[in-house]
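Subject: Structure handover

Hello,

Here is the structure for your files. My notes on it follow below.

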Amino acid sequence: MLTNLRARAAASARTVIDVADGVRIGDVELTVIAGPCSVEGPQMLLETARAVKGAGAVMLRGGAFKPRTSPYSFQGLGTEALELLVIARAATGLPVVTEVLDTRHVELVAAHADMLQIGARNMQNFALLAEVGCTRMPVLLKRGQSASVSELLFAAEHLMSRGNLNVVLCERGIRTFETATRNTLDVSAVPVLKAETHLPVIVDPSHAGGRAALVAPLALAAVAAGADGIIVEVHPDPAAAWSDGEQSLTLDGFEDLMRRLAPVARAVGRDAPWSTRSVAPARGAMPCSA
Ligand code: PEP
Ligand code: MN
C-alpha cells in the first residue's frame, strides 16, 4: 500500500502543531525558538532563557545529548541538562526542544522535553525515527547535511507512518562545494517544502551560516521566503561556549535580530507579537523630560 501522509494533498489545510502552553508552529504568528547549542549549567541556561523570552522567543532550545564530529569534544551534560531544561521551563514558561540521539533515550528525553529534535546526522536513522514515531511528541526533524528534499520528506513519512503526525521540518543548510559558510542555506527548500507538504517548515540560520554575523541576514531571508519560524543559537558569552560559539548570538545580538525580524515578518503576512508589546527603553536612554 502506498501512503503519503506528508503530502500537501493529504490535508485540506496547512498543519499547525500545538507544542505546549499555547505555542503553535505553522500558525500566522512566526515562531521563534532560541537558546544555547549545549546546556552548560544552570546559570547560563537561565540567563539565556530569560533574555530570549524578553526579546520575544516562545520556545527554548538547548542540547543535552550532543552529536559531535569528534569523540573528544564535549558530548553534552545528558540527564543533568534535561533536568536543567525543566527548571528553565518552570522559571520562564518557555516550552523546551532538545535533541534525542539514541533510541534508548527516547523515553527519558520525552519525559523532560516538550518537543524532540532529530538532528541532521540522524535524519535517516530509521530506528530512531520509528521509536520517536511511536510517541505522540512534537518532533523537530532537521534536514540531513547531504539529504535531498525528497529524502527529508520520506524521513517525515517514517515518523508519520508510526502514527506521530506532529512533525515540523527544519532546513539547516546543506553541504555544497562552498566553503565560505559552514553549510549552504537552501532557501529554496522553504517554498518547495511548503508546496509539497502541509507540515510546518522552520529554518536554522545558525548551523547554516556557521558564523554569528550571518545569522540575522539568513534569518531574514528565511522568513521572507515563507518559513513558519526560526531556531537560533544564543549564548551569554559565545567566546566561552562549549559548542558552536562562533555561530552563537549574544543576548544583545538576539534582541537586535528580533527587532529586525518583525517588519520582515509583517511584510509577508505574519504576526510578530513580540514587537507590538511595550518594550523597556534601551539601556542608557534618558527620559525625554529629564
Ligand atoms: C544543534 O541543533 O545543535 C545541531 C547539532 O544541529 P544539526 O543537527 O542541524 O547539526
Ligand atoms: Mn549547535
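Some conventions. This is a predicted model, in which local features need pLDDT of at least 70 and side-chain atom pairs count only at pLDDT 80 or more, while totals for chains, interfaces and linings use all residues. Residues are numbered from 1 along each chain as its sequence is written, chains are lettered from A and ligands numbered from 1 in the order in which they are written, and side-chain values use heavy atoms, with hydrogens and water left out.

Helix H1

Val 52 lies in helix H1; helices (H or I, at least four residues) and strands (E, at least two) are DSSP runs, numbered from the N terminus. Leaving aside neighbours within four places in sequence, Val 52 is in contact (heavy atoms within 4.5 Å) with Ala 34, Ala 57, Leu 94, Val 234 and Phe 254. Ala 34 is 18 residues from Val 52 along the chain, and their C-alpha atoms are separated by 6.5 Å. Lys 53 is also in helix H1, but at 38% relative accessibility Lys 53 counts as partly exposed. From Lys 53 to Gly 35, again 18 residues along the chain, the C-alpha separation is 9.7 Å.

Ligand 1

Ligand 1 is surrounded by 13 residues, and the closest are Arg 61, Lys 66, Ala 120, Lys 142 and Arg 172; a residue is counted here if one of its heavy atoms lies within 4 Å of the molecule. By class, this shell has seven charged, three polar and three nonpolar residues. In that scheme Asp, Glu, Lys and Arg are charged, Ala, Val, Leu, Ile, Met, Phe, Trp, Tyr, Cys and Pro are nonpolar, and the others, Gly among them, are polar.

Polar contacts are pairs of N or O atoms within 3.5 Å; within protein, one must be able to donate a hydrogen and the other to accept it, and residues adjacent in sequence count only if both atoms are side-chain atoms. A polar backbone atom of Ala 120 is 2.7 Å from an oxygen atom of ligand 1. From the side chains, a polar atom of Arg 172 lies 2.7 Å from a ligand 1 oxygen, and one of Glu 233 lies 3.3 Å from an oxygen of ligand 1. On its own, ligand 1 has 300 Å² of accessible area, and the protein covers 97% of that (Shrake-Rupley method, 1.4 Å probe).

The manganese site

Which residues coordinate the manganese ion (ligand 2)? The donors are Cys 37 (SG), His 207 (NE2), Glu 233 (OE) and Asp 244 (OD), at 2.0 to 2.4 Å. Donors are N, O and S atoms within 2.8 Å of the metal (3.2 Å for Na, K and Ca), and water is not among the atoms, so sites may look incomplete. Along the chain, the donors of the manganese ion have the spacing C-x169-H-x25-E-x10-D. Cys 37, in the loop between strand S3 (31-35) and helix H1 (42-55), and Asp 244, in the loop between strand S10 (229-233) and helix H9 (251-267), are 207 residues apart, so the pair links distant parts of the chain. Cys 37 counts as buried, at 3% relative accessibility.

Backbone angles

Most residues other than glycine have a negative phi, and most peptide bonds are trans. Asp 244 has a positive phi of about 55° although it is not a glycine. Asp 21, not a glycine either, has a positive phi of about 50°. Asp 21 is in the loop between strand S1 (17-20) and strand S2 (23-25), and at 62% relative accessibility Asp 21 counts as exposed.

Other buried residues

Glu 171 lies in strand S8 (residues 167-171) and counts as buried at 0% relative accessibility. A polar side-chain atom of Glu 171 is 2.8 Å from the backbone nitrogen of Gly 173. Pro 200, in the loop between H6 and strand S9 (201-203), is buried at 1% relative accessibility. Between Pro 200 and Gly 26 there are 4.9 Å, C-alpha to C-alpha, although they are 174 residues apart in sequence.

Regards

Methods: Buried < 20%, exposed > 50% of the residue type's maximum accessible area, 1.4 Å probe, protein only.
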